Amino acid sequence: MFGIPGKQALTMTPAAAAQIAKLMAKDGHAGLRIGVKKGGCAGMEYTMDYVTEADPHDEVVEQDGARILIAPMAQMFLFGTEIDYEVSLLESGFKFNNPNVVDACGCGESIKFKDVEELSAEQAADGPPKLS
């Protein structure tokens with residue numbers, strides 16, 4: 001919905017693509033739907049859910065056997081995001097490197113986005129929106 005023709009809405013690092021493909025294969029899921037919702041101390045939180053089939057309005061990004069579906073209401077907030085999967089001594093998980101985030105809480109679980117008007121203006125400057 002809010003993409004630039006010829007450019008994916010988001011990208012995955014090889015580590016993220018491998019982990020998502022592994023999770024999809026484990027239980028036969030069709031992909032991982034990513035969205036945003038109100039919550040947390042900074043105002044918004046990412047959501048991630050397994051899906052068995054795509055919604056016709058989802059933006060679908062496929063890479064190296066991994067499939068991410070972006071919920072319609074989250075597309076403008078996630079455009080340009082890189083998803084990584086990090087493993088450390090104490091924890092492992094997905095990390096969102098999102099250029100649309102202007103603030104995050106100390107734990108990194110909650111985020112604040114640029115204003116909708118600012119996001120729309122930036123995307124309009126990048127080119128016309130593609131039709132999904």
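Mentor: The answer begins with the chain as a whole and then turns to the aromatic rings. Please bear in mind that this is a predicted model. The chain has three helices and nine strands, and from the N terminus on its elements follow the order β-α-β-β-β-β-α-β-β-β-β-α. Of its 132 residues, 39% count as buried. Among the contacts with a separation of 6 or more, 55% are between residues 24 or more positions apart.

Within this chain there are two aromatic pairs. Y46 and F96 make up a stacked pair, with 4.0 Å from centre to centre and 10° between the planes. The term stacked applies because planes under 30 degrees apart are counted that way. This pair joins distant parts of the chain: Y46 belongs to strand β3 (residues 44-51) and F96 to strand β7 (residues 92-97), and the two are 50 residues apart. Y46 and F96 are both buried.

The pair of Y85 and F94 is edge-to-face, with 5.0 Å centre to centre and 65° between the planes. Here the angle is over 60 degrees, so the pair receives that name. Are the two residues buried or partly exposed? Y85 has 17% relative accessibility and therefore counts as buried, since the cut-off for buried is under 20%. F94, at 23% relative accessibility, counts as partly exposed.

As for the surface, the chain exposes about 7,700 Å², of which carbon and sulfur atoms supply 54%.

Key:
Residues numbered from 1 in each chain as written. Predicted model: local features only at pLDDT ≥ 70, side-chain atom pairs only at ≥ 80, totals over all residues. Heavy atoms only, no water. Phe/Tyr/Trp six-rings, centres within 6.5 Å; stacked < 30°, edge-to-face > 60°. Helix = DSSP H or I, 4+ residues; strand = E, 2+ residues; numbered from the N terminus. Buried < 20%, exposed > 50% of the residue type's maximum accessible area, 1.4 Å probe, protein only. Contact = heavy atoms within 4.5 Å. Areas by Shrake-Rupley, 256 points an atom, 1.4 Å probe, with all protein chains shown as cover.
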